[in-house]
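Please look over the sequence and the structure shown here before turning to the notes that come after them.

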Amino acid sequence: MSSKQVKIDQQIIDKANLWLSEDYDNETRQKVQQLMADQSDELVEAFYKDLAFGTGGLRGIMGVGTNRINQYTIGMTTQGFANYLNAQFSKMDEIKVVIGYDCRNNSKLFAQKTADVLSANGIKAYLFENLRPTPEISFAIRTLGCQGGVVITASHNPKEYNGYKVYWDDGGQLVAPHDKNVMAEVNKIATIAAVKSQPKTELIELLGENMDDLFVQAVKAVSLSPAIIQQQKDLKIVFTPIHGTSYKLVPQALKAYGFENVTIVEEQAMPDGNFSTVHSPNPEEAAALEMAIDLAKKTDADIVMGTDPDADRVGIAVKNLNNEFEILNGNQTGALLIYYLLTKWKEKNKLNGKQFVGKTIVTTTLIDAICKAFNVACYDTLTGFKFIADLIKKKEGQETFIGGGEESYGYLIGDFVRDKDAITSCAMLAEIAAWAKNEGTTMYGKLMEIYEQHGLYKERLLSITKQGKKGGEEIEQMIHNLRTNPPTKIGGSEVVMIKDYQTSETIDVAKNKKEVIDLPPSNVLQYFTADGTKVTARPSGTEPKIKFYFSVNAPLKNKTEFKKQNKQLEERLDKAMLSLGLTP
């Protein structure tokens, strides 16, 4: 049933009319004609703007229109990317690009369209023969010496979405100035007629198991405790790919590490673009791991792991102090990973002051505290893993990247991949579980040790979604109000410092002193209070959404006080949210 009729701007009608030409297939034209006949808000949403690159590249709902993901917006974007590649690498004999795709509906079609357009522009296209995890595409770019890459995926978004992530020659996603330059080239493609769509099949080469083998070898090479794994090879692991691309490579990686007792959730073992057993294939949401946790209870597993559709994020569940399975949040898992990596690097005498950890500005500062204790540099980047990849690139030859991540369940160990890597993360998290068990404890027990040594940190994320054009405008107003009328107190504690990443300023409130933030401008605000509370407000770069990140901390003398201290921190988080007019 169509939405009710609304008044449509002429500009939207003009854009829709372009999609009625013979350049578009009959099915597309019919769908556009129906939208125009209905004169509904669906027509507005489909054509009121063009999809633009955000922190995750091009992402949107599949359907007809300039504001939708379809073979035409994919083709036009690819043409712009091809034009930019040909200009940037004009002196090279051959320009090469890797193309991968996930399990989503239409992903294979969009990947083939991308390969066709690139080859039509004289660019060598390495197209994976079947769906593959995002980190493997990043790895393949570096392994094959390519100038770029494309992954067709909408990551953890619902089934209606798809997307187009673009990579540069380092295997990382596009950063400035390339991101804006590519979008500028895309914007020059006024009609689909400007897209070169006759493929040169000799320039399209399929990638398969040989690249898988190389990737798994690289994953295995970062293992730090093979002897411990041999002792704990029967560690009980429950894994779910949640219908996504990791269904083969995570089991292969775990086997390569030496783990022999891996149980896969059968109902979620095979790729499915409709994600039929979950409402959302997002391991950040507890419901996505329900089936895996139920299986873990039956098998008395040591660890539960689940990845998102393109396998760049992983969520885990482990037994807590009450011997019940508890899902760890991204900050807790990230802290465990860094603590383990630094512990083992120190044991092996590999820390010499030339190593570093990378994380985003919204990720827990517990990681900063851990790094400080190990005398290892910890650098903050803007939100979006492409900035961690860019940091690694800038530090090459000077400092070695040990690992890092972000609170949204994305981690990276080593630098052979330059994006979030759930394949390596799953193997390493299983290794941590084996390490903990070998020492007579659990991953949760290790987390308590971290809290006792470095403080109990507790974070909370509030995500507010507004739909469509109007929603985007409301979010802009929210961040504008925070910027022009900042809070003086949060949760009863005085705001002592404000960071405005859009103006690149840190403001010492008491001294009225300003310092420059050495990061690219971004529409993010942070507030720090006298009692250590930290609040971040960040509009999404890909969706009509604003996220509020809250963080509090306090010392923890021993784990017997965890429950009491945890409750007090929860109350502080409630107070902080209420003081900003937000509902806990």
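The briefing below goes through an open sheet, a helix, a hairpin, the cysteines and some backbone details.

This is a predicted model, in which local features need pLDDT of at least 70 and side-chain atom pairs count only at pLDDT 80 or more, while totals for chains, interfaces and linings use all residues. Residues are numbered from 1 along each chain as its sequence is written, and side-chain values use heavy atoms, with hydrogens and water left out. Helices (H or I, at least four residues) and strands (E, at least two) are DSSP runs numbered from the N terminus, and two strands pair if DSSP finds at least two bridges between them.

**The open sheet and its helices**

- Five strands make up an open sheet with mixed pairing, and their order is β8-β7-β9-β10-β11.
- The edges of this sheet are β8 (262-264) and β11 (325-327), each of which pairs on one side only.
- Neighbouring strands of the sheet are turned against each other by 25 degrees on average, direction ignored; axes here are lines fitted to C-alpha atoms, for helices over the stretch in contact, and angles run from 0 to 180 degrees between N-to-C directions.
- Within the sheet, β7 (residues 237-240) and β9 (residues 303-307) pair in the parallel sense over four bridges, and Ile237 stands opposite Ile303 in β9.
- Helix α10 (residues 249-257) lies across β7, β8 and β9 and runs at about 155 degrees to β7.
- Helix α16 (residues 443-454) also packs on the sheet, where it touches β9, β10 (314-319) and β11, and its direction makes about 95 degrees with that of β10; contact means heavy atoms within 4.5 Å.

**Helix α18**

- After α18 comes Gly581, which has a positive phi near 75 degrees.

**The hairpin of β14 and β15**

- Strands β14 (residues 400-406) and β15 pair in the antiparallel sense over four bridges, and Glu406 has Gly410 as its bridge partner in β15.
- Three residues lie between the strands of this hairpin, in which Tyr409 takes a positive phi near 70 degrees.
- From β15 (residues 410-413), Gly410 and Leu412 point one way and Tyr411 and Ile413 the other way, and all are buried.

**Gly273**

- Gly273 is placed in the loop between β8 and α11 (290-299) and counts as buried, at 7% relative accessibility.
- Leaving aside residues up to four places away in sequence, Gly273 touches Cys103, Arg104, Asn105 and Lys159.
- Gly273 and Gly410 are 137 residues apart in sequence, and their C-alpha atoms are 22 Å apart in space.

**Cysteines**

- The structure holds zero disulfides, a disulfide being a pair of cysteine sulfur atoms within 2.5 Å.
- Cys426 is in no disulfide, and the nearest cysteine sulfur, that of Cys103, is 15 Å away.
- Cys426 is buried, with a relative accessible area of 0%, and Cys146 is buried as well, with 2%.

**Backbone details in loops**

- Most residues other than glycine have a negative phi, and most peptide bonds are trans.
- Ala176 and Pro177 are joined by a cis peptide bond with omega of about 0 degrees, and Pro177 lies in the loop between β5 (161-168) and α7 (178-188).
- Asn349, in the loop between α12 (330-347) and β12 (355-360), has a positive phi near 55 degrees and is exposed, with a relative accessible area of 71%.
- Asn512, in the loop between β19 (505-508) and β20 (513-516), has a positive phi of about 50 degrees and is exposed, with a relative accessible area of 64%.

Technical notes
Buried means under 20% relative accessible area, exposed over 50%, partly exposed in between (1.4 Å probe, protein chains only).
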